[in-house]
Amino acid sequence: MKPCIEIPFRDYETSVPEALDAVDAATTLARQRYVLVKPNLVNDSPHPVTTHPAHTEAVVRYVQKHAPQAEIIIAEGCGDAYKNTSEVFAALGYDTLARKLGVELVDLNEAELETRIIPDCPVFPQMHLPRVAFTHFILSLPVLKAHSLAEITGTLKNMLGFAPPKHYAGVHGVWKKAIFHGNMQQSIRDLNQYVTPHLSVLDASIGLADYHLGGRRCDPSPNAILAGTDASAVDIRAAELLGLRADHISHIQPTL
């Protein structure tokens, strides 16, 4: 397992590039032609429920600096039961941010799909996922949160944004990704066999201690930015910051 880097949080403009430098992201990004920046915008609640626009801005500017040839998109497929992703983008200021940075916003819930098959996956031996999941370098920007079903929302669970509601809302599901709730741990593991982050920058500046949609904040605040190319390592450290037993959360354990 490759190490997770932990940087003290001062502000996004300072700490995010410092964390990316610490994992030598510039070298990796310089080789990329297509980069997908994936915040966690589960609904239109502000940070720390969702990824702060300033966090996303710092990452995009870093990519633009070190990979000026790359085509960059900010992509998400929200899970909100009553709003679409474009409404969430607008409510959280991501449409303004995209215009400011000169990058495209992509709604993963509506993107062109392709079908992939991995027979060994017990929950999803076949998945329908956005084509950009397989053409782009994925840079995941989750926020530190506990979760009522998954125990933690980290960078691995952030990949649920790629699951199109057309296939994964479920028959009786209200939330757009409700089919995952039936077997959350293994479902996340399966999904990450198909699409997983190449690089993660997790915002642990505050942290939600009990619930992924609100509730008690971490006290004291972790006050950190985590970064790494190994998604499991990033999520294991995130679980530790939440005071959770990482070895009891099966979806964040490395796949052998």
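Colleague: Is His 251 buried or exposed in this model?

Modeller: The model is a predicted one. His 251 lies in the segment after α9 (231–241). Its relative accessible area is 3%, and a residue under 20% counts as buried. His 251 is therefore buried.

Colleague: Which side chain does the side chain of His 251 join in a polar contact?

Modeller: Setting aside neighbours within four places in sequence, His 251 is in contact with Ala 150, Ile 152, Leu 156, Gln 185, Ile 188 and Arg 189. One of these, Gln 185, also has a side chain joined to that of His 251 by a polar contact. The contact spans 2.9 Å, and the partner is Gln 185.

Colleague: How many residues of strand β3 are buried?

Modeller: Strand β3 covers residues 71–76. The strand is mostly covered, and of its six residues the number buried is five.

Colleague: Which residue of β3 is the bridge partner of Val 37?

Modeller: Strand β2 (residues 34–39) and β3 run parallel and are joined by four bridges. Together with helix α3 (residues 53–66), these two strands make a right-handed β-α-β unit. Within β3, the bridge partner of Val 37 is Ile 74.

Colleague: In β4, what is the bridge partner of Ile 73?

Modeller: β3 is also joined to strand β4 (residues 104–107) by four bridges, and these strands run parallel. The partner of Ile 73 in β4 is Glu 104.

Colleague: Which element gives the most to the largest nonpolar core?

Modeller: The largest nonpolar core has 43 residues, and those touching the most other members are Met 127, Phe 162, Phe 180, Leu 191, Val 195 and Ile 252. At least two residues each come from β3, β6 (126–130), α6 (132–135), α8 (184–194), β10 (199–208), β11 (224–228) and α9. With six residues, the element that gives the most is α9.

Colleague: How many residues make up the other core, which lies apart?

Modeller: In the largest core, Leu 191 is among the residues that touch the most other members. Beyond its neighbours within four places in sequence, Leu 191 is in contact with Met 127, Leu 129, Met 159, Leu 160 and Phe 180. Apart from this core lies another, with Leu 41, Ile 74, Val 103 and Leu 139 among its members, and its number of residues is 37.

Colleague: What kind of aromatic pair do Phe 124 and Tyr 168 form?

Modeller: Five aromatic pairs are found in a search of the whole structure. For Phe 124 and Tyr 168, the ring centres are 5.5 Å apart and the planes stand at 85 degrees. An angle over 60 degrees counts as edge-to-face, so this pair is edge-to-face.

Colleague: How many residues apart in sequence are the parts that Phe 124 and Tyr 168 tie together?

Modeller: Both residues, Phe 124 and Tyr 168, are buried. Phe 124 lies in the loop between β5 (113–117) and β6, whereas Tyr 168 belongs to helix α7 (residues 165–168). The pair therefore ties together parts whose separation in sequence is 44 residues.

Colleague: What kind of pair do the rings of Phe 124 and Phe 180 form?

Modeller: Phe 180 lies in the loop between α7 and α8, 56 residues from Phe 124. Both Phe 124 and Phe 180 are buried. Their ring centres are 5.1 Å apart and their planes are at 55 degrees, so the pair is tilted.

Colleague: Which residues do ring pairs link into a cluster?

Modeller: Phe 124 pairs edge-to-face with Tyr 168. The pair of Phe 124 with Phe 180 is tilted. The cluster linked by ring pairs consists of Phe 124, Tyr 168 and Phe 180.

Colleague: What is the relative accessible area of Asn 223?

Modeller: Asn 223 is in the loop between β10 and β11. Although Asn 223 is not a glycine, its phi is positive, about 55 degrees. Asn 223 is partly exposed, and its relative accessible area is 38%.

Note on methods. Residues are numbered from 1 along each chain as its sequence is written. This is a predicted model: local features need pLDDT of at least 70, side-chain atom pairs count only at pLDDT 80 or more; totals for chains, interfaces and linings use all residues. Side-chain values use heavy atoms; hydrogens and water are left out. Buried means under 20% relative accessible area, exposed over 50%, partly exposed in between (1.4 Å probe, protein chains only). A polar contact is a pair of N or O atoms within 3.5 Å; within protein, one must be able to donate a hydrogen and the other to accept it, and residues adjacent in sequence count only if both atoms are side-chain atoms. Contact means heavy atoms within 4.5 Å. Two strands pair if DSSP finds at least two bridges between them. A crossover is right-handed if, with the strands pointing away from the viewer, the path from the first strand over the helix to the second runs clockwise. A nonpolar core is a set of buried Ala, Val, Leu, Ile, Met, Phe, Trp, Tyr and Cys residues joined through side-chain atoms within 4.5 Å. Rings of Phe, Tyr and Trp (its six-membered ring) pair if their centres lie within 6.5 Å; planes under 30 degrees apart count as stacked, over 60 as edge-to-face and the rest as tilted.
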